[in-house]
Amino acid sequence: PDSQQMLAPAWRLNPYSGLFSEGTEFYSFLGSLTTPPCTPNLEWVVLRQSIPIATKDVFTFEQYLKKAPQPDSYGMVDRPVQPLNGRPIKVGSIGKVVG
């Protein structure tokens with residue numbers, strides 16, 4: 001098969017499909033990872049409204065994290081909240097949903 005046929009199934013596997021719609025609002029700000037090495041210059045995008053998730057799905061995700069390539073960082077949110085130090089928090093909204 002040609003490369004377009006091989007890419008088509010991956011393109012259809014959008015884990016965010018159905019979660020967002022045009023006008024969904026979010027916050028955006030520069031920060032860092034919350035686990036060592038606390039890598040800086042990471043752009044955080046956080047939805048204004050939470051998305052419900054089933055308890056069983058949280059459990060499944062936790063089990064995955066415990067077996068992930070870096071299981072030693074699971075549960076380690078050990079970086080204290082940092083001051084903004086002049087960093088802006090932007091509010092945006094999704095203009096067009098594709099896929």
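I started at asparagine 85, which sits in the loop joining α2 (55-67) to β3 (90-93). I kept in mind that this is a predicted model.

Is asparagine 85 buried or exposed? I looked up its relative accessible area and found 69%. The cut-off for exposed is over 50%, so asparagine 85 counts as exposed.

Next I turned to asparagine 41. Here too I noted a positive phi, about 60 degrees, in a residue that is not a glycine. Where does asparagine 41 lie? I found it in strand β2, which covers residues 40-47. Its relative accessibility is 67%, so I logged asparagine 41 as exposed.

Then I stepped back to the whole chain. I counted two helices and three strands. In what order do they come along the sequence? I read the pattern as α-β-β-α-β.

I also checked burial across the chain. Of its 99 residues, 8% count as buried. For the accessible surface I noted about 8500 Å², with 60% of that belonging to carbon and sulfur atoms.

My last look was at contacts. I took those between residues at least 6 apart in sequence, and 56% of them join residues at least 24 apart.

Methods. Residues numbered from 1 in each chain as written. Predicted model: local features only at pLDDT ≥ 70, side-chain atom pairs only at ≥ 80, totals over all residues. Heavy atoms only, no water. Helix = DSSP H or I, 4+ residues; strand = E, 2+ residues; numbered from the N terminus. Buried < 20%, exposed > 50% of the residue type's maximum accessible area, 1.4 Å probe, protein only. Contact = heavy atoms within 4.5 Å. Areas by Shrake-Rupley, 256 points an atom, 1.4 Å probe, with all protein chains shown as cover.
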